[in-house]
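Here is a short note for your review. The points below follow the structure shown.

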Amino acid sequence: MGNVYGTHLPMRLKMETNILSQVSRLPGIRSSHVGLNTILGRDETIDFEDYLGRTSDSAHCRSASHCIWRSVLTRCA
């Protein structure tokens, strides 16, 4: 790739990948990393996780605040 497009392209792709992998949301909220998936070409296919979600997300409590409120509401009921 460096021979065809120049030596700057592999360095630029590596730099963009590093920058986009560091972008995230607030703690407790899962980031989708849309920019990183676009750079890596993962945005053009539909995978199992895209349709049904990750297996780690299949638990009843999706976030810490959800678990806290769920426990409070079940104690009150």
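1. A helix here is a DSSP run of H or I with at least four residues, and helices are numbered from the N terminus. On that basis F48 sits in helix α4, which covers residues 48-52. Keep in mind that this is a predicted model.

2. Overall make-up. The protein chain has 5 helices and 0 strands. Read from the N terminus, its elements go α-α-α-α-α.

3. Surface and burial. The accessible surface of the protein chain is about 6,900 Å². Carbon and sulfur atoms account for 59% of that surface. The chain has 77 residues, and 4% of them are buried.

4. Nonpolar patch. F48 belongs to a nonpolar surface patch together with I46, Y51 and L52. The accessible area of the four residues comes to about 550 Å² together.

5. Salt bridge. How many salt bridges does the structure hold? The count is 1. R12 pairs with E16, and their closest N and O atoms are 3.1 Å apart. Side chains of opposite charge can pair when their charged atoms come close. Both residues lie in helix α2, 4 residues apart, which is about one turn of the helix.

6. Exposure of the pair. Are R12 and E16 buried, exposed or partly exposed? R12 has 46% relative accessibility, so it counts as partly exposed. E16 has 23% relative accessibility, so E16 also counts as partly exposed.

7. Loop between α2 and α3. Helix α2 spans 8-22 and helix α3 spans 34-40. H33 is placed in the loop between them. Its phi is near 50°, a positive value in a residue other than glycine. Please look at this backbone angle in the view above. H33 counts as partly exposed because its relative accessibility is 27%.

8. A buried serine. S31 also lies in the loop between α2 and α3. Why is S31 classed as buried? Its relative accessible area is 15%, and buried means under 20%. Which residues does S31 contact, leaving aside neighbours within four places in sequence? They are V23, S24 and R25.

9. Residues to view together. In helix α2, look at R12 with E16.

Methods
Residues numbered from 1 in each chain as written. Predicted model: local features only at pLDDT ≥ 70, side-chain atom pairs only at ≥ 80, totals over all residues. Heavy atoms only, no water. Patch = residues over 30% accessible without salt bridge, like charges linked within 9 Å, V, L, I, M, F, W, Y side chains within 5 Å. Areas by Shrake-Rupley, 256 points an atom, 1.4 Å probe, with all protein chains shown as cover. Salt bridge = Lys/Arg side-chain N within 4 Å of Asp/Glu carboxyl O. Helix = DSSP H or I, 4+ residues; strand = E, 2+ residues; numbered from the N terminus. Buried < 20%, exposed > 50% of the residue type's maximum accessible area, 1.4 Å probe, protein only. Contact = heavy atoms within 4.5 Å.
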